[in-house]
Amino acid sequence: MIAWVLDGPDANYTRAAAWTGEAKRAILETYTKEHSAEYQSQALIDLARKMGGQVKDFDAVDSVVIHASHHTHVIGTGAGDPEDGPEGEPRDARPFDHVHLRRRSRTRRGTACVPMRRSAAAPDTVALLHKISTVEDPKWTERYHHTDPNQRAFGGRVVITMKDGTVLQDELAVADAHPAGARPFARENYINKFNILTEDIVTNSERIRFLDTVQKLPDLSAGELGELHVTLNAAALDFAARDDRGIF
């Protein structure tokens, strides 16, 4: 179906399938998003939380340079976006599952190297965002594409230069929630994330029902697979507030 939609009825896509008993490669190379942001910003967000505590006065920051992979750079200042210049108002919010490393991003989730303690549209935050730039580092591009999952990394190095010449720098290869990270996600973390994302739009009884069902997945019968869904609480949805800007 996907091949037909993408390339028409004559499309032919070939993909590898795991043999019986073979490790589920794709699942084992799937990484958790602790933050609602594009995956290659996950480690940088964790690094921002660490480095942010070392900056006592954000007005004293002269520049913040993120050294990262090509993929991270092209969603940062390497995008060449004409709206990404030093003048004008902050950009509108980006798609929900992406945080773009732009100096003037106005997403609620902030950027990969600025801990958002206040509104991202606040003047002091916007001024700080203007000081952020990204550059591609071949080292991080190579690790991004590394064939060994143990060497593959989506992080980078952040260099903060203060107006007095002081330099703070640090790097992080994998996000804290990564299996090789500082705080690998465990079952309780997934449950907590689910509860946060469904707060106010799913009833408590529905959340409990779904969590109970999904945690019994290996033992579910074919007839019970239909229970692997979440029913939204219609009373909590304000359909009158919808607009035509799209699903994000």
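Q: Which residues in helix 3 are called buried, and what makes a residue buried?
A: The buried ones in helix 3 are Gln42, Ala43, Leu44, Ile45, Asp46, Leu47, Ala48, Met51 and Gly52. Buried means a relative accessible area under 20%, exposed means over 50%, and partly exposed lies in between (1.4 Å probe, protein chains only). This is a predicted model, where local features need pLDDT of at least 70, side-chain atom pairs count only at pLDDT 80 or more, and totals for chains, interfaces and linings use all residues. Residues are numbered from 1 along each chain as its sequence is written, and side-chain values use heavy atoms, with hydrogens and water left out.

Q: Why is helix 3 called mostly covered?
A: Helix 3 spans residues 42-52, and nine of its 11 residues are buried. Helices here are DSSP runs of H or I with at least four residues, strands are runs of E with at least two, and numbering starts at the N terminus.

Q: What covers the buried residues of helix 3?
A: The cover includes strand 1 (61-68), helix 4 (70-73), strand 3 (156-162) and strand 4 (167-172), judged by contact, meaning heavy atoms within 4.5 Å. Helix 3 lies across strands 1, 3 and 4, at about 140° to strand 4. That angle is taken between N-to-C directions, on a scale from 0 to 180 degrees, with axes fitted to C-alpha atoms (for helices, over the stretch in contact).

Q: How do you know that His35 is buried?
A: His35 has a relative accessible area of 14%, and the cut-off is under 20%, so His35 counts as buried. This residue sits in the loop between helix 2 (25-28) and helix 3. Leaving out residues up to four places away in sequence, His35 touches Gln42, Ile45, Asp46 and Arg49.

Q: What is the order of the strands in the sheet, and why do strand 2 and strand 4 stand at the edges?
A: Four strands make an open sheet in the order 2-1-3-4, with mixed pairing. Strand 2 (132-136) and strand 4 each have a single partner strand, so one side of each has no neighbour in the sheet. On average, neighbouring strands are turned by 20° against each other, direction ignored.

Q: What makes strand 3 and strand 4 a pair?
A: Two strands pair if DSSP finds at least two bridges between them. Six bridges join strand 3 to strand 4, and the two run antiparallel, so they pass. Arg157 stands opposite Glu171 in strand 4, and Val158 stands opposite Asp170. Strand 3 is also joined to strand 1, antiparallel again, by seven bridges; here Arg157 is the bridge partner of His67.

Q: Why are the buried residues of helix 8 said to be on the same side?
A: Helix 8 (204-214) has Glu206, Arg207, Phe210, Leu211 and Thr213 as its buried residues. They cover an arc of only 160° around the axis, so they lie on the same side of helix 8; the arc is that of the directions from the helix axis to the C-beta atoms. The face turned away from that side carries the exposed residues Ser205 and Ile208. Helix 7 is included in what covers the buried residues of helix 8.
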